Amino acid sequence: MMRLPPTELPAAAESLRREVRDFLDAERRASTFVPQCDSWVTGHSPEFSRKLGERGWIGMTWPKRYGGHERSSLERYVVIEELLAAGAPVGAHWAADRQVGPSLLHFGTETQRQNFLPRIARGELCVAIGLSETEAGSDLASLRSRAHRIPGGWRLDGAKVWTSYAHVAQYGIFLCRTASSEGNRHSGLSQFIVDMKSPGVAVQPIISMDGQHHFNEVRLEGVDVADDMVLGTVGQGWSQITAELAFERSGPERFLSTLPLLRAFYGESPSDATAEAVRMLARLWTIRRLSLAVAGQLDAGVAPNVEAALVKDLGTRFERSVIDFVRDARTARVSDGEFDRLLAQATLSNPGATLRGGTTEVLRGVVARELGLR
């Protein structure tokens with residue numbers, strides 16, 4: 001049964017929200033960034049990430065001994081909301097903060113935590129995550145990348161696609177098969193931390209329809225990885241990556257990626273609210289409450305993977321509806337360059353929303369199984 005108890009933000013979180021807004025207002029006035037849709041995917045600025053690190057807004061929930069700040073998941077939620085609503089360039093640290101850090105805390109060795117977590121928290125480390133493969137599609141368990149035992153470590157061979165920021169990342173975490181899948185396709189998978197400058201690592205750009213470069217194909221050809229760079233337990237890679245899913249699928253980025261477009265639209269005439277607009281804002285508020293409930297579960301130490309899948313599916317559909325709504329309604333308005341830029345950006349990048357973090361079909365299958373429908 002799905003668990004989505006109502007969650008309210010504490011007073012400390014709302015106080016923090018004002019602090020983040022003031023910071024973002026100052027940065028916009030200083031022209032340090034231009035608001036973007038999908039800013040957590042397309043907005044890459046190491047300088048901006050370091051500024052967030054200086055303020056303690058990366059690695060917020062992690063232990064202080066690893067560079068974290070021991071704040072609640074709900075306080076982190078507020079920071080993420082404000083950054084996305086502003087369209088701030090957070091891509092340089094996003095995956096490392098959202099997924100890599102929690103994985104290291106749960107499965108990493110003490111040496112790995114001490115080596116990587118403080119640098120991530122300072123906004124100094126970009127880490128790519130290599131899961132998807134050309135032949136695997138949505139069936140990740142059928143991946144072909146393999147790791148073979150060698151003295152003192154492993155040798156990796158294979159290829160990954162849609163690997164965001166692999167061309168600028170210092171490290172990548174790659175899922176490979178280390179044992180036969182006979183009997184259980186989800187067994188025999190392992191994760192490896194790879195220095196992206198290692199011999200045998202080749203990165204080829206995948207250019208998006210809007211001309212931007214954040215996706216890549218990564219080829220691993222005889223890449224040697226020492227035993228101390230195995231993440232977690234050999235053969236337990238599937239359970240490790242599924243443990244990350246609630247972090248990846250349930251956050252505000254799943255329904256706020258197009259909010260800068262909506263804000264630009266109503267910036268022209270904020271009092272002009274149609275019935276359709278009201279219905280859409282009600283949807284947004286409902287999805288936010290669901291997402292906030294998942295954040296509350298994470299704060300309580302629960303792993304709400306099914307609930308996160310539901311939030312991601314609803315959020316993806318909502319973001320598509322934002323684009324359709326403003327595109328249809330703009331004929332009655334006099335648009336400007338900023339609005340047109342955000343509309344074009346959102347339109348061209350949105351198809352990827354149904355893929356990243358799990359395809360729509362996979363997510364609905366997760367929910368259906370929980371409800372006993374399949």
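Are α10 and α11 roughly parallel or roughly antiparallel to each other?

A: The model is predicted, so local features need pLDDT of at least 70 and side-chain atom pairs count only at pLDDT 80 or more, whereas totals for chains, interfaces and linings use all residues. Residues are numbered from 1 along each chain as its sequence is written, and side-chain values use heavy atoms, with hydrogens and water left out.

Helix α10 covers residues 275–299 and helix α11 covers residues 305–329; helices are DSSP runs (H or I, at least four residues) numbered from the N terminus. Their axes lie 10 Å apart, at an angle of about 155°. The two helices are therefore roughly antiparallel to each other, a term for angles over 145 degrees, taken from 0 to 180 degrees between N-to-C directions of lines fitted to C-alpha atoms over the stretch in contact. The crossing of α10 and α11 is left-handed, meaning that the near helix is turned anticlockwise from the far one by less than a right angle.

In the contact (heavy atoms within 4.5 Å), α10 supplies Glu276, Ala277, Met280, Arg283, Leu284, Ile287, Leu290, Ser291 and Val294. From α11 come Glu307, Ala308, Val311, Leu314, Gly315, Arg317, Phe318, Ser321, Val322 and Phe325. By class, 12 of these residues are nonpolar, three are polar and four are charged; here Ala, Val, Leu, Ile, Met, Phe, Trp, Tyr, Cys and Pro are nonpolar, Asp, Glu, Lys and Arg are charged, and the others, Gly among them, are polar. An α-helix has 3.6 residues a turn, so residues three or four places apart point the same way.

The length of α10 can also be examined. At 1.5 Å a residue, its 25 residues should span 36 Å, which agrees with the 36 Å between its end C-alpha atoms; the expected span is 1.5 Å times one less than the number of residues. Glycine 301 follows α10 and has a positive phi, near 85°.

Helix α5 (residues 94–107) and helix α6 (residues 110–121) cross at roughly 160°, and their axes come within 10 Å. This makes α5 roughly antiparallel to α6, and their crossing is left-handed. Among the residues in contact are Val100, Leu104 and Leu105 of α5 and Phe116, Leu117 and Ile120 of α6. That contact has seven nonpolar, three polar and two charged residues.

Technical notes: Parallel < 35°, antiparallel > 145°, perpendicular 65-115°, else oblique.
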